[in-house]
Amino acid sequence: MRSAGGREVRGFTLTVTAARGEDDFLSRVERQFSGDSFQVDDVFPTRVTVTATLPDGRAGKVDVTLASGAEAAVDVVVDAGGGVSGRLVDARTNEPLAGAYVDADGIASPTTGADGRFELKDLAPGAHRLTAWSRGRELVDRRVSLAAGKTQALGDWRLGLQRVEPGRLGLSFGMTGRDVVISGIAEGADVVGLQVGDVLRSIDGAVVLDMGEARRRELGVPGSPAVLALLRGGQALSFTFIRAR
C-alpha cells in the first residue's frame with residue numbers, strides 16, 4: 001500500500017469485495033491495518049476488488065483473480081495529494097527563520113534550515129489549516145485549498161515575536177522535584193533579570209506549590225505589578241515586574 005506522492009503510509013482501511021459463484025452473492029471484508037502492508041486470509045477464490053483508503057479519504061483499488069489455495073500479492077496505490085512550500089521569515093527584519101516548522105492539520109514539515117524554507121508534500125486535496133511556529137514567535141494560521149498533484153507556493157510567511165497575553169508576564173512553569181521553576185520566558189516578556197531554572201517561591205506574597213497555582217497567580221490586572229520571590233543557587237531574590245497590558 002503506497003501513495004503516488006511518496007508520503008509514508010502509516011495506516012489505512014482495506015476492503016475486499018467479491019461476487020461469489022453463479023448466484024453473484026456479494027462478499028465484503030473490511031479490516032484496519034497500521035503501517036503500509038496487509039494480509040487477508042481465507043478469501044473466496046474468485047475475482048475480487050481490493051480497495052485501500054487512507055485516513056485523509058484518498059483511496060486506491062486493484063482487481064485480482066484468486067485461485068484456490070494460492071496467494072496473490074497486490075500493490076494498491078492512491079493518487080498523489082497536493083503540497084505547499086514557502087519561506088518563514090522574521091516579520092520585522094525579513095530574515096529567514098531556522099528551526100521553525102509548518103503544521104497542516106497535524107502533519108508537520110521538517111524543521112527549516114538557515115534559508116527558512118519549508119515544504120509539505122502529499123496532503124489530501126481540499127481545504128487545510130496551516131499553522132507556522134517558531135520558538136519565541138507567535139503562532140500564525142493560514143487556510144489553503146490544495147489540488148491533487150500540485151504544489152502551492154506561499155512565498156514569504158512573516159512571524160512576529162510572541163505576544164504576551166494581557167495580564168500575564170510571559171512565563172512558563174515546570175517542576176523540579178517539589179519545586180516550581182521558571183521553564184520558559186517568551187521573547188516579548190519584559191522580565192529583565194529573570195532566568196530559566198529560577199525556583200519560584202511566591203507571587204505577590206502567595207506561596208506557589210505547583211505549576212497550576214503559578215499560572216493562576218501570574219495572571220492579574222493588565223498593567224499591574226507582580227512581585228516574584230525566587231531562589232537561585234540557594235540565594236533568595238525578589239523581582240517586581242509589570243503585567244502585560
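Mentor: Let's start at Asp122, which is buried because its relative accessible area is 3%, under the 20% cut-off. Keep in mind as we go that this is a predicted model. Asp122 is part of strand β10, which covers residues 117-123. What stands out in its backbone is phi: the angle is near 60°, a positive value in a residue that isn't glycine. Most residues other than glycine have a negative phi.

As for cover, Asn94 has a relative accessible area of 31%, so it counts as partly exposed.

Now step to Leu146, in strand β12, residues 140-146. Leu146 has 5% relative accessibility, so it counts as buried. Here's who it meets once you set aside residues up to four places away in sequence: Gly82, Gly83, Val84, Leu123, Ala124, Pro125, Gly126, His128 and Gln152. If you go from Leu146 to Glu218, you move 72 residues along the sequence and 42 Å through space, C-alpha to C-alpha.

Glu218 turns up again among the contacts of Phe173. Phe173 lies in strand β14, and it counts as buried because its relative accessibility is 11%. Not counting residues up to four places away, Phe173 touches Val180, Val181, Ile182, Ser183, Leu200, Met211, Ala214, Arg215 and Glu218.

Val64 leads us to Ala72, which touches Val64 and Leu66 when residues up to four places away are left out. Ala72 is in the loop between β5 (59-65) and β6 (77-78). It is partly exposed, since its relative accessible area is 43%. From Ala72 to Val208 there are 136 residues along the chain and 65 Å between the C-alpha atoms.

Val208, in turn, is one of the contacts of Arg201. Arg201 has its place in strand β16, and with a relative accessible area of 37% it is partly exposed. Leaving aside neighbours within four places in sequence, Arg201 is in contact with Asp179, Ala206, Val207, Val208, Ala229, Leu230 and Leu231. Arg201 and Leu228 are 27 residues apart in sequence, yet their C-alpha atoms are 7.5 Å apart in space.

Leu228 takes us into the core. Setting aside neighbours within four places, it is in contact with Leu169, Leu171, Leu194, Leu200, Ser202, Ile203, Leu237, Ser238, Phe239 and Phe241. The largest nonpolar core has 20 residues, and Leu171, Leu194, Leu200 and Leu228 touch the most other members. Five strands each supply at least two residues of this core: β14 (171-176), β15 (179-185), β16 (199-203), β18 (225-232) and β19 (235-242). The largest share, three residues, comes from β18. There's also a second, separate core of 17 residues, with Ala100, Ala104, Leu154 and Leu159 among them.

Now for the whole chain. The protein chain has one helix and 19 strands. Its C-alpha atoms fill a box of roughly 85 × 40 × 30 Å along the principal axes. Among contacts with a separation of 6 or more, 50% are between residues 24 or more positions apart. The accessible surface is about 14,100 Å², and 47% of it belongs to carbon and sulfur atoms. As for charges, there are 30 positive and 32 negative ones, and their mean positions are 7 Å apart.

Methods:
Residues are numbered from 1 along each chain as its sequence is written. This is a predicted model: local features need pLDDT of at least 70, side-chain atom pairs count only at pLDDT 80 or more; totals for chains, interfaces and linings use all residues. Side-chain values use heavy atoms; hydrogens and water are left out. Helices (H or I, at least four residues) and strands (E, at least two) are DSSP runs, numbered from the N terminus. Contact means heavy atoms within 4.5 Å. Accessible areas come from the Shrake-Rupley method with a 1.4 Å probe; for residues, only the protein chains shown count as cover. Lys and Arg count as positive and Asp and Glu as negative; His and the chain ends are not counted. The place of a charge is taken as NZ of Lys, CZ of Arg, CG of Asp or CD of Glu. A nonpolar core is a set of buried Ala, Val, Leu, Ile, Met, Phe, Trp, Tyr and Cys residues joined through side-chain atoms within 4.5 Å. Buried means under 20% relative accessible area, exposed over 50%, partly exposed in between (1.4 Å probe, protein chains only).
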